[in-house]
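This briefing covers ring pairing and backbone angles. Please look over the sequence and the structure first.

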Amino acid sequence: MLISDLRQRLRALGANPAHESRVLRLWLHSLPLTGGKRPLEGWLPKAVLEALPGLMADLDGLVALRSEHPGSDGVSARLLLGLTDGQTVETVLLPRDGVCVSSQVGCAVGCAFCMTGTEGLIRQVGSAEIVAQVVMARRKNARLKKVVFMGMGEPSHNLANVMDAITLLGREGGFAHKQLVFSTVGDERAFAALNAAEVKPALALSLHTSDADKRAELLPRAPRIAPQDLVDAADAYARASGYPIQYQWTLLDGVNDGPEELDGIVRLLQGRYGLLNMIPFNSAPGLPFVRPSWDRARAIAAELSRRGVLTKLRDSAGQDVDGGCGQLRAREAVGRPAKVVRIHAPGR
């Protein structure tokens, strides 16, 4: 289901924009259909009121919890969610009241260090399915205050659905624009859409290396944009939106952690309006990379900070349950046929 489908369904029942807004807020905040300061009876059109229980049941059925894997910190958890066609996506409850949502089943970028990319793109996740992941997370954590689009998939390859979800969450979901984070490997279409958007999210740019040739190896189907040009575009958006960029760097032992890469990071990011999130690789079976020691990662982050690049060393939620991005779905999907589909964004 798309958000536009939901709106059209409400309009066909006689809802006006104010009615639509109220119904969407009920869903997004998991509010009861009865009670409240302004009762629905006598205010919503009769047809909308009568259809509301069924509509909410349909929305609640967009995602179903297949399994939950709590982290040892007692806060984070990886959720495997089933969609109505039998496919699954991963959603992660994050520390500090955040949630990481998926925008695709699978991914076409094929990052060499990412389990999600090993199966290719299976299908896009609809805008209402994206929002339904947030609703599920809010039911598990009523204090939810941040949504990051960093789960399965490349958001720029499902741009219309992702931006529609961001717009709804920013308008009706109670999230400040900077509490919505759009993550991308870098795509000219994404930069254009973000700059033109009514709800402008914060931006996370998956960089991973300062070397263009190495980036082509690590991210084989990402747009061939030089790291310097990516950072220039991201920095321009950061200064226009007022939100610092989060540069993402998956730290791979012996691959992108050497002196030449650290020099490249300083060259690219020193003086930029942003910070570097350095995340040691989340080991996964079948992937030919090694997670560096925490002491090594901490030393790298400290050196970069000394050299003028604000660096935060982060751990990937799910380490202790073997639940790095894509691993839960990969285990669940063994033996199930998958259909690879074309990359395209649905029209508005």
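A residue counts as buried when its relative accessible area is under 20%. His208, with a relative accessible area of 6%, is therefore buried. The model is a predicted one.

**Aromatic pair**
- One aromatic pair is present in the structure.
- The pair is made by Phe281 and Phe289, whose ring centres are 6.0 Å apart.
- An angle of 70° separates the two ring planes, and the arrangement of Phe281 and Phe289 is edge-to-face, because planes over 60 degrees apart are classed that way.
- Phe281 is buried because its relative accessibility is 2%, under the 20% limit.
- Phe289, at a relative accessible area of 16%, is buried too.

**Positive phi at Asp97**
- Asp97 is not a glycine, yet its phi is positive, at about 60°.
- The loop that holds Asp97 runs between strand S3 (88–94) and strand S4 (98–100).
- With a relative accessible area of 15%, Asp97 falls under the 20% limit and so is buried.

**Positive phi at His208**
- His208 has a positive phi of about 70° and is not a glycine.
- His208 sits in the loop between strand S9 (202–206) and helix H7 (212–218).

Note on methods: Residues are numbered from 1 along each chain as its sequence is written. This is a predicted model: local features need pLDDT of at least 70, side-chain atom pairs count only at pLDDT 80 or more; totals for chains, interfaces and linings use all residues. Side-chain values use heavy atoms; hydrogens and water are left out. Rings of Phe, Tyr and Trp (its six-membered ring) pair if their centres lie within 6.5 Å; planes under 30 degrees apart count as stacked, over 60 as edge-to-face and the rest as tilted. Buried means under 20% relative accessible area, exposed over 50%, partly exposed in between (1.4 Å probe, protein chains only). Helices (H or I, at least four residues) and strands (E, at least two) are DSSP runs, numbered from the N terminus.
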